[in-house]
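Subject: Structure handover

Hello,

Here is the structure for you to open. My notes follow below it.

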Amino acid sequence: MDPSAGTRLAAWIHRRAEGEPVAYILGRRGFWGLDFEVTPDVLVPRPDTETLVEAALPLVADEASVLDVGTGCGNVVLALASERPRAQFTATDIDPACIALCRRNAARLGLAVTTRIADGLDGLDGPFDVVVGNPPYVDDADARLGQGDLRFEPRRALVGGPNGGLDVIARLIRKAPDRLATGGWLCLEHGDEQGDEVASLFEDRGFVDIRGHMDLANRPRVTVGRWHGGTS
Ligand SMILES: C[S@@+](CC[C@H](N)C(=O)[O-])C[C@H]1O[C@@H](n2cnc3c(N)ncnc32)[C@H](O)[C@@H]1O
């Protein structure tokens, strides 16, 4: 082994021993069979988030318009784009660094996506046939934020507010009807203990055909609902 490679490996091992996620050390993470650049500006894509792609994919028609809110490195929107080459994709994030990274990943993968810096659904055009999102949903007092890999990830990508962490999700559900086409779908990832509460939020807002999807460990992870098209 070339001595510089040994030095680099030792530095990586030291960083990992300190708890830094492997994806930040290597600058890469696989998701949906695609290779994504990741930096400490974005959440490391999780295998469980493939559940969101699996749940949304059957709802995305060939020429649908799709919005991904809180795109991070673009893993969800680009996974969908890789499966539906004729659909139109928009990706947003509140963090400009995430948008820059999403654009780099899109270019490297040769996939087309329009990007916007935006807070939630504010200021976006539409209507969209499908809105997907993996918003921050950890309670800001959750002790796990101080443990393991989460210590290294951006707080803005994780924390969804106090009292259960559902503030960002609740706001998206409240506002989504203003951005959805008649019969359009909202598909959201959430915490494994939030499934019932998220389904109630969908129902209270007037969504229909509400369904939950289980993650790889058979825990509630994604809820989808259809907007009937009535007055929002
Ligand atoms: C849990 S991460 C999801 C990243 C990626 N979509 C994934 O599934 O791996 C949440 C993302 O939402 C973004 N975000 C947080 N608050 C937001 C808001 N109010 N509006 C738009 N994006 C937001 C964060 O910057 C972060 O990139």
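**Pocket lining**

By class, 21 nonpolar, eleven polar and 17 charged residues line the largest pocket. Here Ala, Val, Leu, Ile, Met, Phe, Trp, Tyr, Cys and Pro count as nonpolar, Asp, Glu, Lys and Arg as charged, and the others, Gly among them, as polar.

Some ground rules. This is a predicted model, where local features need pLDDT of at least 70, side-chain atom pairs count only at pLDDT 80 or more, and totals for chains, interfaces and linings use all residues. Residues are numbered from 1 along each chain as its sequence is written, and side-chain values use heavy atoms, with hydrogens and water left out.

The largest pocket has a volume of about 1100 Å³. Of its 49 lining residues, Pro135, Pro136, Tyr137, Ala157 and Leu158 are the closest to its centre. Elements that give two or more residues to this lining include strand E4 (88–93), helix H6 (155–158) and helix H7 (167–175). Helices (H or I, at least four residues) and strands (E, at least two) are DSSP runs, numbered from the N terminus.

On terms: on a 1 Å grid over the protein atoms alone, a pocket is an open set of points with protein on both sides within 12 Å along at least five of seven lines; a cavity is a set where a 1.4 Å probe fits but cannot get out; lining residues have an atom within 4 Å of a point. Points are joined across faces, edges and corners, and a volume is the space filled by probe spheres set on them.

**Cavity**

The structure holds one cavity of 30 Å³ or more. The largest cavity has a volume of about 40 Å³. Its lining is Gly120, Leu121, Val168, Arg171, Leu172 and Lys175. That gives three nonpolar, one polar and two charged residues.

**Helix packing**

H7 and helix H8 (residues 195–205) pack at about 25°, with axes 9 Å apart. H7 is therefore roughly parallel to H8 (angles under 35 degrees count as such). Axes are lines fitted to C-alpha atoms over the stretch in contact, and angles run from 0 to 180 degrees between N-to-C directions. Ile169, Ala170, Ile173 and Arg174 in H7 meet Val198, Leu201, Phe202 and Arg205 in H8 (contact means heavy atoms within 4.5 Å). These contact residues divide into six nonpolar, no polar and two charged.

**Backbone**

A cis peptide bond joins glycine 126 and proline 127, with omega about -5°. Proline 127 sits in the loop between strand E5 (114–117) and strand E6 (128–133). Tryptophan 32 has a positive phi, near 55°. Its place is the loop between strand E1 (28–31) and strand E2 (34–37). Aspartate 209 also has a positive phi, about 50°. Aspartate 209 lies in strand E10 (residues 208–214).

Best wishes

Methods
Angles under 35 degrees count as roughly parallel, over 145 as roughly antiparallel, 65 to 115 as roughly perpendicular and the rest as oblique.
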